[in-house]
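Reader: Could you walk me through this structure slowly? I am new to reading models.

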Amino acid sequence: MQRFIPVRRLLTEAKSSLRRLRRCFSQVTQNEVDKSDGFVPKMPSFDYTPPPYTGPSADEILSKRKEYLSPAMFTLYSKPLNIVDGRMQYLFDDKGRRYLDAFGGIATVCCGHCHPDVVEAIVNQTKRLQHSTILYLNHSIADFAEALANKLPGNLKVVFFTNSGTEANELAMMIARLYTGCHDIISLRNAYHGNAAGTMGATAQSNWKFNVIQSGVHHAVNPDPYRGVFGSDGEKYARDVQDLIQFGTSGNIAGFISEAIQGVGGIIELAPGYLPAVYSTIKKAGGLCIADEVQAGFARTGSHFWGFENHGVVPDIVTMAKGIGNGIPLGAVVTTPEIAVVLTRRNYFNTFGGNPVCTAGGLAVLKIIEKEKLQENAFVVGTYLKERLTALKDKYDLIGDVRGRGLMLGVEFVTDQKLKTPAKLETLHIMDQMKEIGVLVGKGGFHGNVFRITPPLCLTKEDADFLVDAMDYIIASM
């Protein structure tokens, strides 16, 4: 029997949404961030001016995108940005205007835009040899694999290079299935692990899943300290994994995959005590533990180089991408020699994975993180930024939660603190207006009401102040 919603209720909800929409966006039409106001936050000074831009306009580019690119490719902001230049933690548009990049190309730019050492490594390698095949010897891939393995604990020292995080997670899941001889994999609700056939199965948000066959993945209750049913009690959430194994599988599984901090899901850090309990359960069921470090890895959390280290566990397989190359297409799967041997049962090959240019750039990234102490900076500046954002939460009821570690932080907006009602329209408004002031942030969470703050790890305290002051200014004006 089809259920109809009363017309009166629909009208009431529509009027409520309209009032919120008018409240949020009236500031735009009345005074779209009046830059003549002396109280508008000012961006820290920076010693770089980009060369004049002579390319096509934003309107021309947008027109070409609409005609020639997939309609699935969306843009941020009511008026899309035309970004043409970048240096360290800043981006520049076609008019030469500078922006603080607090999104970092979706947690990808870790060393800074166009870092001279990364650029030099890529250019020098390109001049000498851009691509051949890993069927021939070349020192670049071997040097980077050695350096990468040395950053991981235990016996995690065999590397297979890919071109993206999706590829890395696809390979990791296949390795787990081959090694164990089992098919079932457990993932978490609200997770995002990629958009290919296998990883879409592990992803657990309906807005990122198509109606295609996705078999063998079971999704456990998400250990979300803010919205979860058990708050911050990680061990209670972990019992659901045991239940899934007992009542949803044969009792033996291939593995468990999770992020230490869910990125696309809204910067949700797993409840304390969860991963150690789950890893123990997975081992008893014969499965492998896969740590998805695509966003949280490479010093982003500050306190540790890898996100899983914050939970005191050692996985069997680690996947990585994004920050590994500071913006170049590069990913990797790292596992133990015993597990890695399963790929020798058949031929497995990746044409571009581990090519000389990308691995030269990746090695430069590792050296920069060490040389410039970016992990320490992520911890110090990230802690300071989180403290300032938390103070803002105490000031405004619109901010329901501030969370994350290092320079992987989330700010969740709600219209009701008790009900935790997602403030979708308000989030869009604040995001758009912060752009007008000069701050770019990301947006995530299932409801799209969470700011994803994942800037380059070279962010300064002055930048952090500018970001928070801009947010404060916008919210105060609503």
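Predicted model: local features only at pLDDT ≥ 70, side-chain atom pairs only at ≥ 80, totals over all residues.

Reader: OK, which residues of helix α5 are buried?

Author: In α5, which covers residues 139–149, the buried residues are Ser140, Phe144, Ala145, Leu148 and Ala149. Buried means under 20% relative accessible area, exposed means over 50%, and partly exposed is in between, with a 1.4 Å probe and protein chains only. Helices (H or I, at least four residues) and strands (E, at least two) are DSSP runs, numbered from the N terminus.

Reader: And where do those buried residues fall, seen down the axis of α5?

Author: They fall within an arc of 150°, so they line one face of the helix; the arc is that of the directions from the helix axis to the C-beta atoms. In general, an α-helix has 3.6 residues a turn, so residues three or four places apart point the same way.

Reader: Which exposed residues are on the face turned away?

Author: That face of α5 carries His139 and Glu146, which are exposed.

Reader: What do the buried residues of α5 pack against?

Author: They pack against α4 (116–128), β4 (158–162), β11 (317–320), β12 (331–335) and α11 (356–371), where contact means heavy atoms within 4.5 Å.

Reader: What caps the N-terminal end of α5?

Author: Asparagine 138 does, with a side-chain oxygen that lies 2.9 Å from the backbone nitrogen of serine 140. A polar contact is a pair of N or O atoms within 3.5 Å; within protein, one must be able to donate a hydrogen and the other to accept it, and residues adjacent in sequence count only if both atoms are side-chain atoms.

Reader: Switching to rings, how many aromatic pairs are there?

Author: A search of the whole structure finds eleven. Rings of Phe, Tyr and Trp (its six-membered ring) pair if their centres lie within 6.5 Å, and planes under 30 degrees apart count as stacked, over 60 as edge-to-face and the rest as tilted. One of the pairs is phenylalanine 144 with phenylalanine 161, which is stacked, at 5.3 Å centre to centre and with 10° between the planes. Phenylalanine 144 lies in helix α5 and phenylalanine 161 in strand β4, so this pair ties together parts that are 17 residues apart in sequence.

Reader: Are phenylalanine 144 and phenylalanine 161 buried or exposed?

Author: Both phenylalanine 144 and phenylalanine 161 are buried. Another aromatic pair, phenylalanine 413 with phenylalanine 451, is edge-to-face, at 4.9 Å centre to centre and with 80° between the planes. Phenylalanine 413 is in strand β14 (residues 408–416) and phenylalanine 451 in strand β18 (residues 450–453), so the parts that this pair ties together are 38 residues apart in sequence.

Reader: Now the inside: how many residues has the largest nonpolar core?

Author: The largest nonpolar core has 100 residues, and those with the most contacts inside it are Leu148, Tyr274 and Leu467. Such a core is a set of buried Ala, Val, Leu, Ile, Met, Phe, Trp, Tyr and Cys residues joined through side-chain atoms within 4.5 Å. Helix α14 (residues 461–476) gives the most to this core, with nine residues.

Reader: What does leucine 148 touch?

Author: Not counting residues up to four places away in sequence, leucine 148 touches Val159, Phe161, Phe298, Met320, Ile324, Ala332, Val334 and Leu366. A second, separate core of 18 residues includes Ala168, Met173, Ile185 and Ile339.

Reader: Where is threonine 335, and is it buried or exposed?

Author: Threonine 335 is found in strand β12, and threonine 335 is buried, with a relative accessible area of 2%. A polar atom of its side chain lies 2.8 Å from the backbone oxygen of aspartate 316.

Reader: Last one, what is the phi of isoleucine 106?

Author: Isoleucine 106 has a positive phi of about 65° although it is not a glycine. Most residues other than glycine have a negative phi. Isoleucine 106 lies in helix α3 (residues 104–107) and counts as partly exposed, at 35% relative accessibility.

Note on methods: Residues numbered from 1 in each chain as written. Heavy atoms only, no water.
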